[in-house]
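Biologist: May we go through the terms used for this structure and set each against its rule?

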Amino acid sequence: MKAKRAAQSCAQVEVMSRQVIARLAKWEIFAQARRVLIFADLPGEPHLLPLLDLFPDKHFALPRLLADGTMEAAPVADKRELVPNRFTVLEPPATAPPITLEAIDLVLAPALAVDLSGNRLGFGQGYYDRFLADYTGLVTAVVFAWQVVESVPHAAHDRRMDFVLHEKGWSGVV
């Protein structure tokens, strides 16, 4: 999966990312969500930061890694506010106040792969699983269609996705 993701051209990723955003923009749950947690992409992941400009009236947050290996959410209104973390992923600066999970209506999560049962394969550090362990709202994996597979390894503590969105549409979660 990592090799396939790295093999995508920037142009392919850009086109597919625009298709993902177009589908997301038509989704009623996204339209109704007041505060949405999005992610800053790693190379080969869907680009969601354009949402900040496309939906200026919506409140967005991004995850921020903490020194103790946990993650928190912080608001962001402009991508120019973001700073690279120790993994070079953009995140809100330390001066941005954290927000509670209860304040988030919808979480859009990245994945290396996701299966048809909603099991998400991340990068193995467990940041999202720990962060979302007590979250009762909706979580959607945002990937490219080729990342939806029949099955991924998962454990009881892994947070299942409620929906899977990709450039070709939605994959049902059973």
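Modeller: The charged end of K58 sits over the ring of F30, 4.7 Å from its centre. This is a predicted model, in which local features need pLDDT of at least 70, side-chain atom pairs count only at pLDDT 80 or more, and totals for chains, interfaces and linings use all residues. Residues are numbered from 1 along each chain as its sequence is written, and side-chain values use heavy atoms, with hydrogens and water left out.

Biologist: What makes a charge sit over a ring?

Modeller: NZ of Lys or CZ of Arg must be within 6 Å of the ring centre and within 35 degrees of the ring normal. The charged end of R130 likewise sits over the ring of Y127, at 5.4 Å from its centre.

Biologist: Why is the pair of F30 and F55 called edge-to-face?

Modeller: Rings of Phe, Tyr and Trp (its six-membered ring) pair if their centres lie within 6.5 Å; planes under 30 degrees apart count as stacked, over 60 as edge-to-face and the rest as tilted. The centres of F30 and F55 are 5.1 Å apart and the planes stand at 80°, so the pair is edge-to-face. F30 lies in helix α3 and F55 in the loop between α4 (51-54) and β2, so the pair ties together parts 25 residues apart in sequence.

Biologist: Why is F30 called buried, and why is F55 called partly exposed?

Modeller: Buried means under 20% relative accessible area, exposed over 50%, and partly exposed in between (1.4 Å probe, protein chains only). F30 has 0%, and is therefore buried; F55 has 23%, and is therefore partly exposed.

Definitions and conventions: Helices (H or I, at least four residues) and strands (E, at least two) are DSSP runs, numbered from the N terminus.
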